[in-house]
Amino acid sequence: MGRKDSAGVSAWASLLRTHAAVVPKLAKEVAAAGLPISWYDVLLVLNAAPERKLRMSDLGAAAVLSREQISRVVSELERAGLVQRVPNPDDKRSSFATLTDVGRERLRAAAPAYTAAIETHFAKHLTAAEIVAVGSALAKVVAAEE
């Protein structure tokens with residue numbers, strides 16, 4: 001195994017350990033603010049979408065959940081009144097997930113806990129330059145693999 005291979009494996013292991021160490025803490029703090037982390041993720045993606053709606057397939061591609069999880073979470077969010085499914089008039093086989101006003105309010109209410117948890121459990125351990133470098137490097141991987 002060459003140096004680059006070894007460094008790649010080490011970087012990958014660090015990414016996985018960081019995820020395992022930080023996400024449960026983030027989830028706990030967001031849940032204390034009233035939303036399961038999976039709900040927060042879906043609401044965040046929908047809030048950033050044009051007209052705050054996405055086709056279910058596009059939502060599945062943008063969120064960090066599996067297709068099966070997306071369907072389940074959207075159903076839960078729909079029952080809670082935070083998301084509404086709207087049939088796609090151009091394709092009867094698909095539907096849109098649309099963020100409701102109540103969903104947007106709940107997202108906004110949990111946002112301070114989410115951003116504070118990211119700062120506390122992730123960003124405070126890095127310099128500003130490291131944050132930019134990590135973000136840029138991971139964005140390159142996502143762009144190449146998606």
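**Salt bridges and a nonpolar patch**

Visitor: What does R93 form with D91?

Guide: A salt bridge, with the closest N and O atoms of R93 and D91 3.2 Å apart. The term needs a side-chain nitrogen of Lys or Arg within 4 Å of a carboxyl oxygen of Asp or Glu.

Visitor: What kind of model is this, and how are residues numbered?

Guide: It's a predicted model, where local features need pLDDT of at least 70, side-chain atom pairs count only at pLDDT 80 or more, and totals for chains, interfaces and linings use all residues. Numbering runs from 1 along each chain as its sequence is written, and side-chain values use heavy atoms, with hydrogens and water left out.

Visitor: Back to that pair. Is R93 buried or exposed?

Guide: R93 counts as exposed because its relative accessibility is 77% (buried is under 20%, exposed over 50%, partly exposed in between, with a 1.4 Å probe and protein chains only). D91 has 23%, so it counts as partly exposed.

Visitor: How many salt bridges does the count come to?

Guide: The count comes to 5.

Visitor: Okay, which residue pairs with R55?

Guide: That's D58, again as a salt bridge, with 3.2 Å between the closest N and O atoms. R55 is partly exposed at 33% relative accessibility, and D58 is partly exposed with a relative accessible area of 33%.

Visitor: And what does E51 meet in a salt bridge?

Guide: The side chain of K53, at 4.0 Å from N to O. E51 is exposed, with a relative accessible area of 66%, while K53 is partly exposed at 29%.

Visitor: Why can side chains like these pair at all?

Guide: Opposite charges can pair when the charged atoms come close.

Visitor: Switching topic: which residues make the nonpolar surface patch?

Guide: W12, L15, L16, V134 and L138 make a patch of about 440 Å². To join, nonpolar side chains (Val, Leu, Ile, Met, Phe, Trp, Tyr) must lie within 5 Å, in residues with over 30% relative accessible area and no salt bridge. Areas are Shrake-Rupley with a 1.4 Å probe.

Visitor: Which elements give two or more residues to it?

Guide: Those are α1 and α6 (helices are DSSP runs of H or I, at least four residues, numbered from the N terminus). The largest share of the patch, 3 residues, is from α1.

Visitor: So where does V134 sit, and how exposed is it?

Guide: V134 is in helix α6. Its relative accessible area is 32%, so V134 is partly exposed.

Methods. Patch = residues over 30% accessible without salt bridge, like charges linked within 9 Å, V, L, I, M, F, W, Y side chains within 5 Å.
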